[in-house]
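Here are my notes on the model, as numbered points. Please read them beside the sequence and the structure.

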Amino acid sequence: MGLNGAWAIAWMRGSAAVVAEHRVELITLDRDIGDGDHGENLDRGFSAILPKLDEQPADATPADILKLAATTLISTVGGASGPLYGTALLKASIAVAGQEDLDADAVVALLTAARDGIVLRGKAEVGDKTMVDAWTPAVDAASAAAAAGESPARVLAAAADAAWGGAAATEPLVARKGRASYLGERAIGHRDPGAQSTSYLLQAAAAAAAGEGAA
Amino acid sequence: MSGGAVGLVFVSHSALIAEGLIALARQMAPDAALAAAGGTDEGGIGTSFELVSAGIAAVDSGAGVVVLCDLGSAILTAETALDFLDDDVRGRVRIVDAPLVEGGVAAAVAAQTGASLDEVVDAARSAAGGDPAQHGADEATRAGGSDDPTASHAAASVTLRNKDGLHARPAAEFVKLASTFAAKVVVNGKDAKSLLGIMSLGLVKGAVVELQADGPDAEDAIGALASLIESGFGEV
C-alpha cells in the first residue's frame, strides 16, 4: 500500500485496535509506576477517532487524518498522553502537509516531527523513562533505513522494531518525568507504559503500510 | 465583575479540588474572575482540554489570564490549550508554575485588588518561595516603632485586637489596603503587599505589628493600615 490517506486511516484504525487489545496491559504497567489510567485513556481517545474516520472524504491526505486524530486525542484522552500524542500527531501532520503519498523521507520527517512535538510538550529527554525513549530510537532507525534506500513500509517497520527495543530498555531506568518520577528507584524493573504504547502505535503504522492493518 | 481585571483558571485533575479552591479564594477575592477546570469532560479524574479552553475564554476580559495547574498532565493540557488560542489572546495568558492552593489564593487576592497581569503572576509565584515562616508573636515583645520625621518614612506599632489575628480574611483586607499606596510598606520584616508573606508571620491576638513605610505617601499608608488593625477588622 502507498502511504496515502487510506494508509493513515488504516493506521488510526489499527491503533485503536491495538490499544483496545492491550488496554489491560497498559493499565497494569501504568498502575505499577503511575496512576493506572494510560490504557483506559488511550482506548477512549482512539475509540473517539473511529467514527470520525468514516466521515472523511476520499481525497483526504495523511496530514488531514493525522490532524483529525490529534485534535480528537487532545480533547478526549484526559491524561498526559492526550496532549503528548495529540501534539505529536499535530506536528507530524504539519510536517507532511499537502502530500498525498509519503515517500521514505516523508516518513522520517513525520516521525521526527512527532518525536520533537513530544519533547517540546513534555520536556523529557532520552533516558528519562518516558515515551521519548521509544520515539528517539524509532526516529534514528527510520533515518538509517531511509538513508539505506528502504521502502516507506520498511522504514516504518524499522521504526516499530526500534521503538519496541526502546520501550524494553526503559525497564532498568529511574524515571525523571511524569508520575513515575515520584517513585525514585521503585520504578526500576518496570517498563514505561508510554514507551510501550508508542511501540504499539508504530507497529500499527507499519502493519497498515504492509497491508496488514485492521480493515 | 470589574472590567479589565485579570482572570484566573484553576486546572486540576479533580473537579472537587478546582471548585474547592474557588470557594477558598472567594473568601478573600469575592469579585475576581475565577474559573474551575477540574476533571475530565465526563467528570472523572484527569484534565480536559475543553474545560481549560472554556475557562480561559470565560475569565478573559482582555487584561490577561493566569492559569495555575496541579500535577504534570494538567500543565501539558493547559499548554496545549494555549497552542490553540489566537495569537493575540495567547499573548496575555500565562501558565504559572506555583503551588495550586497557595498560589491560587495569592493570585486571586492580587486580581481582586486590580493588579496587572505581571503582578498577579508575581503573587502566584510568591507562593513558591521557600521563605521560612516567621512567628511574629514570638518576637513581638519589642514595641514602639521609631518615628522618622522625614516625609518619606513613617512607622507605627499596633497591637492586634481581633480574635484570630492576621489570619486569611483580615490579612487579605490588610494586603488590599496596603496595595493602594505607592509607599513600600513592611510588616515585621515582610512585604505588606504580599498576602502569603503576611500570613506566614502567624500574627495572633495580642501580637504587636510593626509597620514601616517608605515612599511619598508613607504617612497616609501607616495611618490607614494602623487604623485598620486597631479597628479589629470588624471582628471585635
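What share of the contacts in chain B with a separation of 6 or more comes from residues 24 or more positions apart?

1. The share is 74% in chain B. Two residues are in contact if their C-beta atoms, placed from the backbone, lie within 7 Å.

2. This is a predicted model, in which local features need pLDDT of at least 70, side-chain atom pairs count only at pLDDT 80 or more, and totals for chains, interfaces and linings use all residues. Residues are numbered from 1 along each chain as its sequence is written, while chains are lettered from A and ligands numbered from 1 in the order in which they are written.

3. Chain B holds 10 helices and eight strands; these are DSSP runs numbered from the N terminus, helices being H or I with at least four residues and strands E with at least two. Of its 236 residues, 48% count as buried. A residue is buried if 20 or more other C-beta atoms lie within 10 Å of its own, exposed if 12 or fewer, and partly exposed in between, with C-beta atoms placed from the backbone.

4. Contact between the chains involves 13 residues of chain B and 16 residues of chain A. On the chain B side, α2 (49-59) and α3 (72-83) are the elements that give two or more residues. α3(B) gives the most, with six residues. The chain B side divides into two nonpolar, nine polar and two charged residues. Here Ala, Val, Leu, Ile, Met, Phe, Trp, Tyr, Cys and Pro count as nonpolar, Asp, Glu, Lys and Arg as charged, and the others, Gly among them, as polar.

5. In chain A, helix α3 (residues 38-53) packs on helix α4 (residues 62-76) at an angle of about 135 degrees, with the axes 9 Å apart. α3(A) is therefore oblique to α4(A). Angles under 35 degrees count as roughly parallel, over 145 as roughly antiparallel, 65 to 115 as roughly perpendicular and the rest as oblique. Axes are lines fitted to C-alpha atoms, for helices over the stretch in contact, and angles run from 0 to 180 degrees between N-to-C directions.

6. The residues of α3(A) that meet α4(A) include A:Arg44, A:Ala48 and A:Lys52, and those on the α4(A) side include A:Leu68 and A:Thr72. This contact divides into five nonpolar, three polar and two charged residues.

7. A:Gln196 sits in helix α9 (residues 193-209) of chain A. A:Gln196 counts as buried because it has 24 C-beta neighbours inside 10 Å. Not counting residues up to four places away in sequence, A:Gln196 touches A:Leu26, A:Leu29, A:Ala167 and A:Arg191.
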